Amino acid sequence: SVSVTIPDTAINICEVLPGTTANCRSLIIAKNKLAVERSTSIINVSSNMSIMPTGYLDMSYNATEGGTMNLSGSWTNQRDESFFEEPGSTVNFVGTTALQNLSCSQKEVFSMVGVNKASGQVTMLTNVVIDSTNTIGSTPVLNLTSGAIALNTREMRIRNSSPGAVVRTGGGLISENTANSSK
């Protein structure tokens with residue numbers, strides 16, 4: 001229930017250790033690095049998550065293993081995709097927030113994304129690449145369980161040619177707009 005900020009004065013890396021689940025209301029990575037580096041490391045954020053201009057989020061231990069983030073609020077990366085280390089990790093957009101935004105100063109790159117929202121949608125405010133290069137086996141890279149992702153005139157690229165790259169049991173993608181500019 002507490003908001004967590006890794007402050008501008010931080011000099012050490014903060015870690016969510018293997019086998020550990022960390023819970024917080026909101027998460028601001030203002031400086032240095034937060035590491036959620038093992039497949040057994042989980043962070044649950046019940047509000048918004050922000051990577052500030054001097055922050056870094058590392059969710060990948062190596063090419064085959066990464067942590068999990070369950071996010072109930074908006075995703076904001078004020079840097080660029082190189083300050084979110086993602087191979088082998090999973091980011092799940094969850095919760096009941098009517099609108100969750102996904103934004104980055106340029107494009108954002110994820111390894112695996114899940115949408116499992118009881119209500120509302122995730123709205124893209126930036127282009128997104130979902131790259132399964134470092135995932136294990138046939139793990140889907142986009143898993144739509146409930147709720148939707150609104151492309152919002154943006155582009156989503158899924159770099160996995162496997163038929164299992166997108167799994168949909170509910171929810172979906174909202175790509176329509178009057179300018180037909182979503183891709």
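Modeller: A cavity here is a set of points, on a 1 Å grid over the protein atoms alone, where a 1.4 Å probe fits but cannot get out, and its lining residues have an atom within 4 Å of a point. Strands are DSSP runs of E with at least two residues, numbered from the N terminus. This is a predicted model, in which local features need pLDDT of at least 70 and side-chain atom pairs count only at pLDDT 80 or more, while totals for chains, interfaces and linings use all residues. Residues are numbered from 1 along each chain as its sequence is written, and side-chain values use heavy atoms, with hydrogens and water left out.

The structure holds one cavity of 30 Å³ or more, and about 40 Å³ of space lies in the largest cavity, a volume being the space filled by probe spheres set on grid points joined across faces, edges and corners. Its lining is made up of Phe 93, Leu 102, Val 113, Val 122, Met 124, Val 128, Ile 130, Ile 149 and Met 156. Strand 15 and strand 16 each supply at least two residues of that lining, and strand 15 gives the most, with three.

Key:
1 Å grid on protein atoms, 1.4 Å probe; cavity = no way out; pocket = protein on both sides within 12 Å on 5 of 7 lines; lining within 4 Å. Helix = DSSP H or I, 4+ residues; strand = E, 2+ residues; numbered from the N terminus.
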